Amino acid sequence: MKKIAILGSTGSIGTQALDLCRRHPDRYRVTALTARNSREKLFAQVREFRPEMAGLTEGFDPKEIPEDLKFCRWMSGPEALHAAAAEEEADQVLVSIVGIAGLRSVLDALQAGRQVLLANKEALVTGGHLVTDLAAKAGKPLLPVDSEHSAIFQCLQGAGGNRPEKILLTASGGPFRTWDRERIERATPAEALKHPNWDMGAKITVDSASMFNKGLEIMEARWLFDMPEDRIEVVVHPESIVHSAVVFRDGAVLAQLGVPDMRVPIGYAMAYPERLETGVAEPDLFRLGSLTFEKPDERKFPALRLAREALRAGGAACTVFNGANEEAVAAFLRGGIPFGEIPRRVEAAMEKLSGLPADCLDDILEADRQARLAVTGGR
C-alpha cells in the first residue's frame, strides 16, 4: 500500500486523485491533505479519508475545526504545505497547488526523499534547474501529471533505445482558436472561461484561452525531458484526443490517445510503472471520424513566442514570464484590463527585468516579486 499526500486536494486534480484512492482503497492510504481556503470541502475529505494531517493555507481559524475532525493534526499557512510535503509519512506527494508556491513544496518533498507527482507547472517553469538537480540527487524521477507531459512520458517508455528527436506538444486551441485578433483582444472573462474540452480552474482556463498554458508547458517539457525548446513543437489539436507525441530518430512517431479525462494521467503517475483502473471510457474513434491538426498562429497568441524568448534568455526570464502572467490574468478576471493586454503586460515585464539571476530559491522568489510589481505598479 502506498501512502500519499495531496497538496491542493479540493481542486480538480486533487479531487480526481482522491477518486482513484476511493476506487483502490487496498492500494492507497491518504496521510495528508491541504487546500487553499475551501474548508467545507476539505472537512468532508478529512472525514472520508482520515489523514494524519490536514491544513488550509488561507483564512484558517482553528476554532472552525468540527469536533469530529480533531483527531487530525491541523496546520495553516505555508507551514501546512511544508508539513504535508516533507513531515508526514508519505511515499508520494501530489503537488497540485497553483502558482510558484508549488516550487518550494516540490523542493521540500524531494529533500525529504518523497516521490513527486507533479501537477504544478510553475515548479519547473521557475526553478527547473533546481528541481531536476535535486530529483537526480534523490534518485526520484519526477512523474508528470499534466495530460500532455504524461503522454510524452508514456511514449518515452516505449523508446527501446530509439533516440527521441522532437516532442509534439498538443494544444486544444482553447475557446478562441477560430477567432480573429480583434475579437480576441476584446474577449470577456466569461468568454475566456468557456473551455471546449476540459474542466479546470479559472486561472488555468484563461491561460488556455491565451495559450500561455502552452508556453508554460514548453518550459516544463524542456526540463522534464531535457529537450531544447526548438525541438518542442506545438500542434493545435481541437479534439483533445491525442494528448502529445514523440518523434524518434528512425522516423517513428509514438502518440498517446484517450478521452480528455485527467484520471488517466493522474492514475499513471500514482501507479507507475504499473497501470491503474481509472473508470475512464475508451475514445469512440468511429464517432469521432477524424482528428485534425493545425499550426498555432503566434500573431493571435504571442504567449508562444514570449515563452521561447524567455527560455533562450535564461536566468530568471521564465520566472518573470510566469509571475507577470499570473498578475495580468488576475487583473483581467477582475475586469481591470482587456484580454489582449495580458501578453503586452508580460512582454513589458520581461523587457524591464531582463538579466535577473535565478541561481537559488531566493533569486527566483525575488524575480517573481519584481515581475508582479512590474504588472501591478506596486499595488
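Colleague: Is Lys-203 buried or exposed?

Modeller: Lys-203 is buried, at 16% relative accessible area. Buried stands for under 20% relative accessible area, exposed for over 50%, and partly exposed for what lies in between, with a 1.4 Å probe and protein chains only. This is a predicted model, in which local features need pLDDT of at least 70 and side-chain atom pairs count only at pLDDT 80 or more, while totals for chains, interfaces and linings use all residues. Residues are numbered from 1 along each chain as its sequence is written, and side-chain values use heavy atoms, with hydrogens and water left out.

Colleague: What does the side chain of Lys-203 meet in a salt bridge?

Modeller: The side chain of Asp-207, at 2.5 Å from N to O. A salt bridge here is a side-chain nitrogen of Lys or Arg within 4 Å of a carboxyl oxygen of Asp or Glu. Asp-207 also counts as buried, at 2% relative accessibility. Both residues sit in helix 9 (residues 202-210), and because they are four residues apart, about one helical turn separates them. Helices (H or I, at least four residues) and strands (E, at least two) are DSSP runs, numbered from the N terminus.

Colleague: How many salt bridges does the structure hold?

Modeller: 36. One of them pairs Glu-277 with Arg-23, with the closest N and O atoms 3.6 Å apart. Glu-277 is in the loop between helix 11 (263-271) and helix 12 (285-288), while Arg-23 is in helix 1 (residues 12-23), so this pair ties together parts that are 254 residues apart in sequence.

Colleague: And how accessible is Glu-277?

Modeller: Glu-277 is partly exposed, with a relative accessible area of 45%. Arg-23 is partly exposed too, at 37%. Both belong to a network of salt bridges that also links Asp-19, Arg-22, Glu-48, Asp-261 and Arg-263.

Colleague: What about Glu-217, which side chain does that one meet in a salt bridge?

Modeller: That of Lys-121, at 3.6 Å from N to O. Glu-217 is in helix 10 (residues 212-224) and Lys-121 in helix 5, so to speak distant parts of the chain, 96 residues apart. Glu-217 is buried, with a relative accessible area of 2%, and Lys-121 is buried at 13%.

Colleague: Changing topic. Where does Glu-88 lie?

Modeller: In the loop between helix 3 (78-87) and strand 5 (92-95). Glu-88 is buried, with a relative accessible area of 12%.

Colleague: What does its side chain do there, which polar contact joins Glu-88 to another side chain?

Modeller: One of 2.7 Å, with Arg-73. A polar contact is a pair of N or O atoms within 3.5 Å; within protein, one must be able to donate a hydrogen and the other to accept it, and residues adjacent in sequence count only if both atoms are side-chain atoms. Beyond four places in sequence, Glu-88 touches residues including Thr-31, Glu-52, Met-53 and Arg-114. Contact means heavy atoms within 4.5 Å.

Colleague: Which residues touch the most other members of the largest nonpolar core?

Modeller: Trp-74, Phe-321 and Phe-339, out of 122 residues. The largest share of this core, nine residues, is from helix 14 (residues 317-333). A nonpolar core is a set of buried Ala, Val, Leu, Ile, Met, Phe, Trp, Tyr and Cys residues joined through side-chain atoms within 4.5 Å.
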